[in-house]
Amino acid sequence: MSRFVAAIDQGTTSTRTMIFDYSGNVVAADQREHEQIFPQAGWVEHDPEQVWANTRATAAGALANADITAADVVSVGITNQRETTVVWDRRTGKPVYNAIVWQDTRTDRIITELGELGGGQERYREKTGLPLATYFSGPKIKWILDNVDGVRERAEAGDLLFGNMDTWVLWNMTGGVDGGIHVTDPTNASRTMLMDLATLTWDEGIAADMGIPLAMLPEIRSSSEVYGTVRERGALGGVPISGILGDQQAATFGQACLSPGEAKNTYGTGNFVLLNTGNNMVLSENGLLTTVCYKIGDNDTVYALEGAIAVTGSLVQWLRDNLGMIGSAAEIEGYARTVDDNGGAYFVPAFSGLFAPYWRSDARGAIVGLTRYVNKGHLARAVLEATAFQTREVIDAMDADSGVPLRTLKVDGGMVVNDLLMQFQADILGVSVIRPKVNETTALGAAYAAGLAVGFWQSEEDIRSNWAKDKQWQPAMDEQRRESEYRNWKKAVTKTFDWVP
């Protein structure tokens with residue numbers, strides 16, 4: 001009898017495969033980083049073929065580390081960095097260009113041109129839940145069609161396919177040029193700016209605005225059903241693939257935020273706060289995204305409000321890789337603990353503009369409040385605090401949209417092992433922050449979606465019963481200081497506006 005579920009977690013900086021047991025515990029994992037390609041300022045790319053090679057390698061590695069075979073695995077789920085865009089040839093399986101990553105801002109002019117058709121930044125929000133922004137996949141597809149020689153003609157001839165990374169991985173896992181399945185789920189489709197949120201179908205009018213042939217787009221299926229099986233020559237050969245969730249929706253599912261009003265924040269390359277709004281599609285009036293939270297089989301669609309923050313964990317990477325101020329990401333907490341506060345310095349990491357709640361592609365990063373007093377420890381602390389301040393801005397917007405103030409925040413992701421950051425997060429929010437025992441909630445959410453589809457888990461109640469608290473931080477900062485620090489942060493943010501003409 002198969003005893004485990006596998007999850008492919010295709011992230012912004014790495015790909016990993018994780019094996020989970022019935023209790024939601026991690027049995028084994030294998031992980032590989034891929035190259036971050038920066039052709040010019042504001043451009044961010046990945047090599048899709050390297051990502052696929054890493055997917056195959058980590059699947060084999062995870063099985064080996066668990067000392068099991070494919071026969072022990074009941075199903076596979078996929079979770080992925082959303083919005084990152086791949087266009088490839090259906091006959092050769094070769095990408096026509098590198099994957100354009102969600103952080104990439106090259107489509108800024110396309111965004112402006114679409115807004116000038118009428119409606120400005122709000123042109124598609126009523127249908128898609130999204131503002132016009134460089135973040136989303138549709139304009140990235142248009143850029144590839146417009147700028148890579150011969151590609152538009154090949155697309156119009158029906159030779160090319162589009163997918164976010166979930167679709168690219170699924171297509172290759174199920175055979176590629178030999179019968180690969182071209183499918184996505186509503187959580188990923190809702191990030192393209194091409195899907196009608198109410199009907200979960202591609203919108204012909206929006207696709208026409210962007211000049212995207214509908215034949216390129218994958219079939220939209222639910223987040224939890226059997227799509228196909230892994231081709232036999234893969235490490236997981238013969239195992240059904242039965243779950244797809246975009247990474248932030250997967251983390252929400254893995255955190256058991258399954259009722260309206262429950263929220264989580266994932267601290268990764270960027271930060272993403274999702275608030276479950278149930279079957280109600282709430283259009284934000286405060287700079288948030290309306291998105292699909294998940295759709296399990298034939299059940300009604302569950303929606304969410306999302307606050308997307310572009311740069312959090314990647315700011316720590318920047319400090320390490322670009323400036324060489326730290327040797328590893330883990331070192332930053334030690335430096336930050338050498339001082340009692342930020343020394344008056346605030347770091348606004350608008351490397352790719354500002355996402356929620358501002359949506360300012362003209363912004364660029366800034367460090368403000370510098371004096372001779374500020375040292376390395378103050379800057380390390382300002383880097384960590386930037387994550388917490390940006391989260392506060394998003395939570396404030398959610399409170400305003402939902403009318404229900406947040407009482408606790410469930411957290412996950414790589415940065416939540418940083419006790420100093422988590423305490424400051426509780427302090428600046430004024431609410432308790434809770435970390436689960438199983439921190440790998442993104443991969444776990446994909447595993448849950450896959451396992452539900454094949455009856456490994458019977459219901460969402462099984463997911464609730466698996467969730468358990470590891471640690472909780474209570475706010476300890478007095479309200480006067482909290483609001484003073486936050487006012488200074490808001491002032492610092494304004495200094496980043498209008499930098500790019």
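Let me start with E83, which touches I100, W102, Y135, F136, S137, K140, N164 and R191, leaving out residues up to four places away in sequence. The model I am discussing is a predicted one. E83 sits in the loop between β5 and β6. Its relative accessible area is 2%, and because buried means under 20%, E83 is counted as buried.

R82 lies in the loop between β5, residues 73-80, and β6, residues 85-89. R82 has a relative accessibility of 2% and therefore also counts as buried. Setting aside neighbours within four places in sequence, R82 is in contact with W102, Y135, N188, R191, G246, D247, Q248, Q249, F272 and E306.

Where does Y135 lie? Y135 is found in the loop between α3, residues 125-128, and α4, residues 137-147. At 1% relative accessibility, Y135 is buried. Not counting residues up to four places away in sequence, Y135 touches R82, E83, W102, K140, R191, F272, L289, E306, A308, F355 and W359. With R82 there is a polar contact, side chain to side chain, at 3.4 Å.

I turn now to D247, which is placed in helix α9, residues 247-254. D247 is buried, with a relative accessible area of 13%. Beyond residues up to four places away in sequence, D247 touches T79, N80, Q81, R82 and T442.

How do these residues relate to the annotation? In an unreviewed entry, UniProt gives a "binding site" annotation that covers T12, R82, E83, Y135 and D247. Of these residues, T12, R82, E83, Y135 and D247 are included in the lining of the largest pocket. For "binding site", the unreviewed UniProt entry also lists R82, E83, Y135, D247 and Q248. From this list, the pocket lining includes R82, E83, Y135, D247 and Q248.

Finally, a word on helix α2, residues 108-115. Which residues of α2 are buried? They are I110, I111, L114 and G115. Viewed down the axis of α2, these buried residues fall within an arc of 135°, so they line one face of the helix. The buried residues of α2 pack against α4 and against α8, residues 204-210.

Technical notes: Residues numbered from 1 in each chain as written. Predicted model: local features only at pLDDT ≥ 70, side-chain atom pairs only at ≥ 80, totals over all residues. Heavy atoms only, no water. UniProt positions renumbered as here; feature names shortened; annotations may be inferred. 1 Å grid on protein atoms, 1.4 Å probe; cavity = no way out; pocket = protein on both sides within 12 Å on 5 of 7 lines; lining within 4 Å. Helix = DSSP H or I, 4+ residues; strand = E, 2+ residues; numbered from the N terminus. Buried < 20%, exposed > 50% of the residue type's maximum accessible area, 1.4 Å probe, protein only. Contact = heavy atoms within 4.5 Å. Polar contact = N/O pair within 3.5 Å; in protein donor to acceptor, adjacent residues only side chain to side chain. Arc of directions from axis to C-beta.
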